Amino acid sequence: MATATYPPPPPYYRLYKDYSENPNSAPEPPPPIEGTYVCFGGNYTTEDVLPSLEEQGVPQLYPKDSNIDYKKELRSLNRELQLHILELADVLVDRPSQYAKRIGDISSIFKNLHHLLNSLRPHQARATLIHIMELQIQQRKQAVEDIKRRREEAQRLLKDAFVTLDGQ
């Protein structure tokens, strides 16, 4: 009894049978997904919004105003993290049964640090794009200068060739 090594193609391949003669015969692609959707059992959204710490059930350890000094707050949270890690070491030595509160505090600090860093991502993306565009402009200017230099060199060679031909 013969068996196929590969499964047969899905039935929708028939929709493309006339594609080689008429490329417009293929069906239109489905529209992009908007809003929320489910993928592998998880709910996702197409809106790129950073959820607040309160929505995640984490206390916010830095000011809630829009004029945040990120550098200062990140340093402050980093120092607080170092202090809490030292306190955790002390608690583990002196009172090992009370480590859970310290772990929760450290977790909260890490989540705040992570949230602050994620809120800087749009700025980082803009800065990266600006840098890439500046490099492209510089490369194009160099290419134009190289073309001009080679053109002048070719004109000089042609002029020399005409002079030597006229001299003979």
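**Salt bridges in a predicted model**

1. A salt bridge here is a side-chain nitrogen of Lys or Arg within 4 Å of a carboxyl oxygen of Asp or Glu. The search of the whole structure finds seven of them.

2. Please keep in mind that this is a predicted model, where local features need pLDDT of at least 70 and side-chain atom pairs count only at pLDDT 80 or more, while totals for chains, interfaces and linings use all residues. Residues are numbered from 1 along each chain as its sequence is written, and side-chain values use heavy atoms, leaving out hydrogens and water.

3. The mean pLDDT (the predictor's confidence in each residue, from 0 to 100) is 90 for the chain, with 98% of residues at 70 or more. Confidence is highest in helix H3 (residues 121-167), at a mean of 95, and lowest in strand E2 (residues 42-45), at 88. Helices (H or I, at least four residues) and strands (E, at least two) are DSSP runs, numbered from the N terminus.

4. Within helix H3, Asp146 and Arg150 sit four residues apart, about one turn of the helix. Their side chains meet in a salt bridge at 3.1 Å, N to O.

5. Helix H2 (residues 99-119) holds Lys101 and Asp105, also four residues apart. Their salt bridge spans 3.3 Å, N to O.

6. Finally, Lys72 pairs with Glu73 in a salt bridge, with the closest N and O atoms 3.9 Å apart. Lys72 is exposed at 51% relative accessibility, whereas Glu73 is buried at 9%. Buried means under 20% relative accessible area, exposed over 50%, and partly exposed in between (1.4 Å probe, protein chains only).
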